[in-house]
Amino acid sequence: MRRWRLVLGGGAADGTGCELGGRDAAMDGALGALYGGGEAGKKDRGRDRSAGLGASAPSVSRWLGDIRTYFPSSVVQVMQRDAIERLGLSTLLLEPEMLEAVEADVHLVGTLLSLNKAMPETTKETARAVVRKVVEDLEKRLATRTRATLTGALDRSARVSRPRHHDIDWNRTIAVNLKNYLPEYRTIVPERLVGYGRASQAVKKEVILCIDQSGSMAASVVYASVFGAVLGSMRSLNTRLVVFDTNVVDLTDQLDDPVDVLFGTQLGGGTDINRALAYCQSQITRPADTIVVLISDLYEGGIRNEMLKRVAAMKASGVQFVTLLALSDEGTPAYDHEHAAALSALDAPAFACTPDLFPEVMAAAIEKRPLPIPDMSTHR
């Protein structure tokens with residue numbers, strides 16, 4: 001009954017007859033402030049259900065402290081996100097005291113970046129510290145596995161026909177020599193050795209991350225900036241990072257610090273994918289060794305047919321072209337299905353990608369093998 005009471009909110013028609021006290025009443029008040037708006041909430045007794053957070057920083061700061069006391073971090077992040085969206089609290093995030101009280105996550109970073117231009121100087125230093133904490137946490141989670149996966153892919157992409165003994169790929173060598181099996185000796189005669197050389201400075205791949213910075217892509221921009229910094233730190237890869245809306249900005253010179261990259265973006269503009277791809281195309285000097293990763297929901301404000309022609313031309317020249325509808329944990333986003341289908345017809349399938357899958361996608365692109373595309377049929 002206690003749980004039902006917390007779920008139903010204690011209105012006159014909830015039917016539980018259950019009274020809350022102490023910690024439960026405080027939890028109910030924190031929930032009611034966000035989710036219990038309306039006349040029913042206002043008629044409830046004092047502490048159990050307060051309707052709304054008000055528009056003042058002190059009341060919101062108290063509420064932020066309450067939810068961090070009563071709920072786990074994952075729930076706190078959801079409630080913060082709902083408060084920003086439902087109650088229009090974005091402007092309060094321009095105050096340093098508020099930023100110090102929030103539980104930082106990818107979505108909060110996206111909100112801060114969208115407020116970047118309106119942010120007063122007194123808040124910017126605090127905002128950078130919040131963003132840096134999230135970025136460092138993401139790097140700890142993602143960097144080691146990404147480097148290990150891509151280093152292995154680079155090694156395998158440099159296959160040689162006469163490998164040294166410790167460079168022999170035994171699984172592939174056995175597979176191609178099964179026809180030479182000698183039953184009487186119960187062994188295989190390896191007429192052909194398959195191996196891979198070690199990636200060196202001479203076996204570089206060029207990577208261009210082309211990131212849509214429209215407002216709907218906020219989480220993807222955060223993750224892509226972190227991955228850009230990780231890829232940029234690998235000597236076997238030459239990585240370029242480009243962000244776009246209706247304009248195109250090359251942030252490659254800031255790749256060593258993803259926080260600088262993020263504050264160099266401008267979330268919320270229009271979209272001109274064709275213009276962005278034209279710039280990326282102009283930067284390609286070694287097509288057969290280049291991977292272009294377009295991260296966009298494909299809502300094109302530019303010239304659609306020209307965009308598709310550019311993708312086709314890049315693929316015809318040998319470029320590996322990858323389209324990610326999102327790079328985030330949220331699953332399949334809203335996207336332009338017509339453009340996605342057109343890209344698939346060019347053998348450039350578009351799909352949503354989680355951060356954990358991204359290293360595998362890049363490894364497959366480096367080795368020029370089929371991409372590990374998740375099943376999106378249930379989301380269409």
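Which helices and which strand each supply at least two residues of the lining of the largest pocket?

Reply: This is a predicted model, in which local features need pLDDT of at least 70 and side-chain atom pairs count only at pLDDT 80 or more, while totals for chains, interfaces and linings use all residues. Residues are numbered from 1 along each chain as its sequence is written, and side-chain values use heavy atoms, with hydrogens and water left out.

The contributors you ask about are helix H5 (73-87), helix H7 (106-114), helix H10 (218-232) and strand S9 (320-327), each of which supplies at least two residues of the lining of the largest pocket. Helices (H or I, at least four residues) and strands (E, at least two) are DSSP runs numbered from the N terminus. A pocket is an open set of points on a 1 Å grid over the protein atoms alone, with protein on both sides within 12 Å along at least five of seven lines, whereas a cavity is a set where a 1.4 Å probe fits but cannot get out; lining residues have an atom within 4 Å of a point.

H5 and H7 return in the second largest pocket, where they and helix H8 (121-157) each supply at least two lining residues, and H8 gives the most, with 7 residues. This pocket holds about 360 Å³ of space and is lined by 20 residues, with Gln-77, Ala-104, Asp-105, Val-106 and Val-134 nearest its centre. Of its lining residues, 9 are nonpolar, 3 polar and 8 charged.

Asp-105 also takes part in a salt bridge (a side-chain nitrogen of Lys or Arg within 4 Å of a carboxyl oxygen of Asp or Glu): its partner is Arg-81, with the closest N and O atoms 3.5 Å apart. Because Arg-81 lies in helix H5 and Asp-105 in the loop between helix H6 (96-101) and H7, the pair ties together parts that are 24 residues apart in sequence. Asp-105 is buried (under 20% relative accessible area; exposed is over 50% and partly exposed in between, with a 1.4 Å probe and protein chains only), at 8%, whereas Arg-81 is partly exposed, at 25%.

The structure holds 1 cavity of 30 Å³ or more, and the largest cavity has a volume of about 90 Å³. Among the residues that line it are Val-60, Trp-63, Gln-80, Ile-84 and Leu-108, and by class the lining has 10 nonpolar, 1 polar and no charged residues.

Across the whole structure, a search finds 18 salt bridges. One of them joins Asp-28 to Arg-5, with the closest N and O atoms 3.0 Å apart. Asp-28 lies in helix H2 (residues 22-35) and Arg-5 in helix H1 (residues 2-8), so this pair ties together parts that are 23 residues apart in sequence. Asp-28 counts as buried, at 0% relative accessibility, and Arg-5 likewise counts as buried, at 2%.

Terms used:
Grid points are joined across faces, edges and corners, and a volume is the space filled by probe spheres set on the points. Ala, Val, Leu, Ile, Met, Phe, Trp, Tyr, Cys and Pro count as nonpolar, Asp, Glu, Lys and Arg as charged, and the others, Gly among them, as polar.
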